[in-house]
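Hi everyone, thanks for coming.

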Amino acid sequence: MAAPKFCIVGGGVSGLTCARLLQRSLPHAQVTVLEASERLGGLVRTSKGAKSQIFEDGFHSSILVNKNGREALGLIKLLKLEDEVIGANIEASARRHLLHRGSVRLVPGPHHVLLYGPALMAEPLWPRSKDADESVYDFVARRASKTLAKNLADPICRGQLAGDAKELSVRTCFPRLWHNERRFGSVFLG
């Protein structure tokens, strides 16, 4: 009997995890991973800035806080990478920064109140969606503004979920926001 053959499209975290689990479950299988970019890892990467600061790009998972974090921790243990995990500094992690237009900015900053405040204050006035689901980007653009969707929601999705806000489901990724709009007409109520 010939060994089974598998082809995995995408060499990001999900694709590499799938390949590893297939190899572990079916040691004689031939597993091929196809990746369009020049490197594996998808959105996950470490880079250094001009002043030797370290930037962690890609997904973040709150270890032990939720199901995704526990699954990430299980994967780390499976791959025997526990010694490679670097814990976050709790005080430093309370200050969020985004790389925007080539500079690192603290989020939220005082200018965010002026820039996004009016749209967020008007959010309860906008009508509810009649669609069963929509992308995170479309949801935030509809409830606040396209600028907020592009400059805040998308980087958060990329950092927390390793995904594009235009492709991620708001109902799945941010069920509380989706539910609050459905039930109360606003993401802030409820």
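Let's start with helix H5: six of its eight residues are buried, so the helix is largely enclosed by the rest of the structure. Please keep in mind that this is a predicted model. If you want to find those buried residues on your screen, they are Val 136, Tyr 137, Phe 139, Val 140, Ala 141 and Arg 143.

Now, how do H5 and H6 sit relative to each other? H5 covers residues 136–143 and H6 covers residues 146–161; their axes come within 8 Å and cross at roughly 145 degrees. The crossing of H5 past H6 is right-handed. On the H5 side, the contact is made by Val 136, Tyr 137, Val 140 and Ala 141, and H6 brings Lys 146, Leu 148, Ala 149, Lys 150, Ala 153 and Cys 157. Sorted by class, that gives eight nonpolar residues, two charged ones and no polar ones.

A quick reminder that helps with reading such lists: an α-helix has 3.6 residues a turn, so residues three or four places apart point the same way.

Next, let's step back to the loop between helix H4, residues 110–121, and H5, where you'll find Ser 129. Is Ser 129 buried or exposed? Its relative accessibility is 11%, and the cut-off for buried is under 20%, so Ser 129 counts as buried. The Ser 129 side chain reaches the backbone nitrogen of Asp 131 at 3.0 Å. Setting aside neighbours within four places in sequence, Ser 129 is in contact with Glu 134, Arg 142, Glu 181 and Arg 182.

That's my tour, and I'm happy to take questions.

Key:
Residues are numbered from 1 along each chain as its sequence is written. This is a predicted model: local features need pLDDT of at least 70, side-chain atom pairs count only at pLDDT 80 or more; totals for chains, interfaces and linings use all residues. Side-chain values use heavy atoms; hydrogens and water are left out. Axes are lines fitted to C-alpha atoms, for helices over the stretch in contact, and angles run from 0 to 180 degrees between N-to-C directions. Helices (H or I, at least four residues) and strands (E, at least two) are DSSP runs, numbered from the N terminus. A crossing is left-handed if the near helix is turned anticlockwise from the far one by less than a right angle, and right-handed if clockwise. Contact means heavy atoms within 4.5 Å. Ala, Val, Leu, Ile, Met, Phe, Trp, Tyr, Cys and Pro count as nonpolar, Asp, Glu, Lys and Arg as charged, and the others, Gly among them, as polar. Buried means under 20% relative accessible area, exposed over 50%, partly exposed in between (1.4 Å probe, protein chains only). A polar contact is a pair of N or O atoms within 3.5 Å; within protein, one must be able to donate a hydrogen and the other to accept it, and residues adjacent in sequence count only if both atoms are side-chain atoms.
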